[in-house]
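Let's walk through this structure together, starting from a few working terms and moving on to its helices, its sheet and its cores.

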Amino acid sequence: MKSNHLNEEQIAQAAEAINNDNLQSLEPIIQEHLKDCNECANEVMIVSDMIENVHLKTLENTKTNHKSNARFIKLAIGIAATITLLMIVYTLFIKNENKNPYLTKNKLIIENQQIINDTNQTAQKNTTLTQDKIEKKNLSSSDQLIAFNENQELEMIFDRYTETSMRASDVVIISNQIIKTNNTNTTSINWKNDGQALNIEIFDNNGQKIIEKTITSNHFPVNLIKNEGLYYWKLLDSDYNLIFCGKIIYKKPPSL
Ligand SMILES: [Zn+2]
């Protein structure tokens, strides 16, 4: 397209022809193009104006300075026209770059690609997060499995006591031997007691004693248990003779 426009020399010729009022002197091909092409016509008009201005100024200068010669005038006109052309070319170039559908399309494609990349990255991040979550869930569920493993040694002690043996000495166990709870805050081990000092012990399923307390009351809250899992509780008299052994299964309600 651009290559079909008038070249700089043709533009200059056309501008001069306009200024000299003899457009007819131009090659027909230039005349035809100027009729059809507003862009080139504009360039010609601008250059023509420029030349005219320089002419006028030069004429003024010539009036006051008769030593200015025609060579200088021609040079000045040439420089002015060249500057104008450069400005036009620059303007057109900038204009074209902004308007060029191919460039714009590419830019759009690049921008879209960026958006796609961003989206992919976000998606990847989300996937990673989800994977982390799943891994955490798997980990915690395997932790849970471990936390609910029976402790063989404590199981043997547990097995020695049954619901029917809950009455031991003066202490009557009220709680179930297996206390299932989803909230340790609201759960306690209960028994009847005439006020004697008893010892309560709670073990995790590794057999580690996690709670030990001497009490004279008839219940013991299990809210010190924070993690889900299987626990064993022992009630002992003041001489540490075992009165009873039970279990606590603490499983939180499924969270959303
Ligand atoms: Zn043109």
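A residue is called buried here if 20 or more other C-beta atoms lie within 10 Å of its own, exposed if 12 or fewer do, and partly exposed in between, with C-beta atoms placed from the backbone. Helices (H or I, at least four residues) and strands (E, at least two) are DSSP runs, numbered from the N terminus. What you see is a predicted model, in which local features need pLDDT of at least 70 and side-chain atom pairs count only at pLDDT 80 or more, while totals for chains, interfaces and linings use all residues. Residues are numbered from 1 along each chain as its sequence is written.

Let's begin with the overall picture. The chain has six helices and nine strands, and 19% of its 256 residues count as buried. Among contacts between residues at least 6 apart in sequence, 62% join residues at least 24 apart.

Now turn to helix α1, residues 8-19. Ile11, Ala12, Ala14, Ala15 and Ile18 are the buried residues of α1. Looking down the axis of α1, you will find these buried residues within an arc of 165 degrees (the arc of the directions from the helix axis to the C-beta atoms), so they line one face of the helix. An α-helix has 3.6 residues a turn, so residues three or four places apart point the same way. After α1 comes Asp21, with a positive phi near 60 degrees.

Ile30, His33 and Leu34 are buried in α2. Viewed down the axis of α2, its buried residues fall within an arc of 100 degrees, so they line one face of the helix. Pro28, Glu32, Lys35 and Asp36, on the other side of α2, are exposed. Ile29 also belongs to α2; it counts as exposed because it has 10 C-beta neighbours inside 10 Å. The C-alpha atoms of Ile29 and Leu6 are separated by 9.4 Å, with the two residues 23 apart along the chain.

Next, find the sheet. Strands count as paired if DSSP finds at least two bridges between them. Five strands make an open sheet of mixed pairing, in the order β3-β9-β8-β5-β6. The edges are β3 and β6 (209-215), each with a single partner strand, so one side of each has no neighbour in the sheet. From one strand to the next, the twist averages 20 degrees.

Seven of its eight residues are buried, so β8 is largely enclosed by the rest of the structure. On one side, β8 runs antiparallel to β5, joined by six bridges; Ile202 stands opposite Trp233 of β8, and Asn199 stands opposite Leu236. β8 also pairs with β9, in the antiparallel sense over eight bridges, and there the bridge partner of Trp233 is Gly246. Five residues separate β8 and β9 in their hairpin, and Tyr240 in the turn has a positive phi of about 65 degrees.

What lies across β5, β8 and β9? Helix α6 does, running at about 120 degrees to β9. Axes here are lines fitted to C-alpha atoms, for helices over the stretch in contact, and angles run from 0 to 180 degrees between N-to-C directions.

That brings us to the cores. A nonpolar core is a set of buried Ala, Val, Leu, Ile, Met, Phe, Trp, Tyr and Cys residues joined through C-beta atoms within 7 Å. The largest has 22 residues, and those with the most contacts inside it include Ile200, Tyr231 and Trp233. Two or more of its residues come from each of α6 (152-160), β4 (188-192), β5 (198-204), β8 (229-236) and β9 (242-250). Another core, of 17 residues, lies apart from it, with Leu6, Ala14, Leu26 and Val44 among its members.

Methods. Two residues are in contact if their C-beta atoms, placed from the backbone, lie within 7 Å.
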